[in-house]
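Subject: Structure handover

Hello,

Please find the structure below. My notes on it follow.

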Amino acid sequence: MTTYDDERIGELLRVLPPAPEGWVRAAQELPAARRSLDEIVARAEADLAFRQALVADLESALQLEGYEPDRRVVDELKRRFSES
Amino acid sequence: MSQLSTLSDAELVQRCREGNTDAWNELVERFSRYVYAVCTRGYRLSEEDADDVFQEVFTRVFTHLDTLRNDAALRPWIAQLTRRLCLDSITKRGREQATDEPMAEELAADLAEIDEAFTVREALATLSDTCQEMLDRFFARDQSYRTISDELDLPSGTVASRIARCLSKLRTELEGRNEGPRGSRG
Amino acid sequence: METEDYLDLRIDEFLDRLAEGGRAPGGGSAAALAVAFAAGLVAMVARCSRGSWEDAAGVAAQSLAIKERAAQLARTDADAWQQASAALGEAGADGDAEGRDRELEQKLGHAAAVPLEIAELGADAAALAALVGEYCEGAYRADAAAAAALASGGASAAAHLVQVNLTVQEGDERLKRARASEQAAAESAKRTLASIR
């Protein structure tokens, strides 16, 4: 059984400072990033021309269509379309 | 501090599975400090590597939440995942980083302390919003009494005494947890 | 010797390094350690007052946190000062002048941020010293007063370092904060010292 005194509690509170705000935000945006990825993949499956554009030059194709996905989505798309 | 912060880990997992975005935000918030500390204080990863591991941990948690068999085991699952990814990161760096790796005993002690610190933070979440803010701002965020006084709109001469009293309340909460099973978040 | 070794030195060794010409550690590190000494004294007085004062344990915990932060800043200040000096030394060299100016501004900015933090810690340590001086047993009041005086001295020294930093002009928010910390620390020290006279 651990016993705590005020000094030890103070020390332990210092052990867990906040993570960088940007990191936390990026992690919290994962659901939105996933929806964005799913939307792009669904469209690529339904639209051959879009799919071919993605395979030829992923970033340009996304930019042309007005997508601004984050790095993780781009990395995942590159992985998927290079394997296909 | 939101209503979601009072949910148990199991309840939080349920809501995340239902697609509740606020619940996911709370999950990240709840474990972000822990993951960060394991990466930087435990495994002493560089900021860049720690960032990569941090994002990978939460990506995997998000992607594989459905496979978690015991929802109440969220914390040990995240802990194990983080440790594994930290080790992978060190291995990827190869021998050039070998001398920076924490010795095994020191690592075990640091990780145990991080776990203990997380328990303290769980207890902190049961205190009033003001106490939570004061203790977090002073001890974890290194804010001065003046900054705390300005941002929480408290008389500056009272901040130190208030922090002392909040610490006492936190101690009482932790002692209560030691005494027997309570409805904790874990 | 790397600055991260400073806190591993014996006191006499550190003092010898401080007295050496032309390099870190300098005034900022000395100011930070003065604040750390103050916080250590406050922790001692608070611990000795646990039997008679409800808030003693919590005040001890806070002063230990300030002690740790101030000690780390002794090291950080030395690093910041060395980097700023190196950047100043390269200021007139040939090549990418704009890039060097940006780097110089950034390094000097950091060299002002660290003493600002030391000044603010000094104000907090002095406030704790005043608090503990009010509630501690008589035998320890002189230690509380010594803590307040040390914290005030550290805050004042650090505030001056913020002022002389090349990037800090009159009206700069950092200067206002540094002076406010210096003043707050001085007031705490004055109160504490007056109470034992």
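A residue is called buried if 20 or more other C-beta atoms lie within 10 Å of its own, exposed if 12 or fewer, and partly exposed in between, with C-beta atoms placed from the backbone. This is a predicted model, in which local features need pLDDT of at least 70 and side-chain atom pairs count only at pLDDT 80 or more, while totals for chains, interfaces and linings use all residues. Residues are numbered from 1 along each chain as its sequence is written, and chains are lettered from A and ligands numbered from 1 in the order in which they are written.

Chain A

Chain A contains 6 helices and 0 strands (DSSP runs of H or I with at least four residues for helices, of E with at least two for strands, numbered from the N terminus). Its radius of gyration is 21 Å, well over the 12 Å that the globule rule gives for 84 residues, so chain A is more spread out than a compact globule. That radius is taken over C-alpha atoms, and the rule is 2.2 Å times the number of residues to the power 0.38. The C-alpha trace of chain A spans about 65 × 25 × 20 Å along its principal axes, and 27% of the 84 residues count as buried.

Mean pLDDT (the predictor's confidence in each residue, from 0 to 100) is 88 for chain A, with 96% of its residues at 70 or more. Within chain A, confidence is highest in helix α1 (residues 6-15), at a mean of 98, and lowest in helix α6 (residues 71-83), at 80.

Helix α3 of chain B

This helix covers residues 47-64 of chain B. Its buried residues are B:D49, B:A50, B:V53, B:F54, B:V57, B:F58 and B:V61. Seen down the axis of α3(B), they fall within an arc of 160 degrees (taken from the directions from the helix axis to the C-beta atoms), so they line one face of the helix. B:E48 and B:T63, on the other side of α3(B), are exposed. The buried residues pack against α2 (21-28) and α3 (30-46) of chain A, and also against α2 (21-42) and α4 (74-93) of chain B.

Contacts between the chains

Two residues are in contact if their C-beta atoms, placed from the backbone, lie within 7 Å. There are 34 residues of chain B in contact with 22 residues of chain A. On the side of chain B that touches chain A, the largest share, 11 residues, comes from α2(B).

Regards

Note on methods:
Expected span 1.5 Å × (residues − 1).
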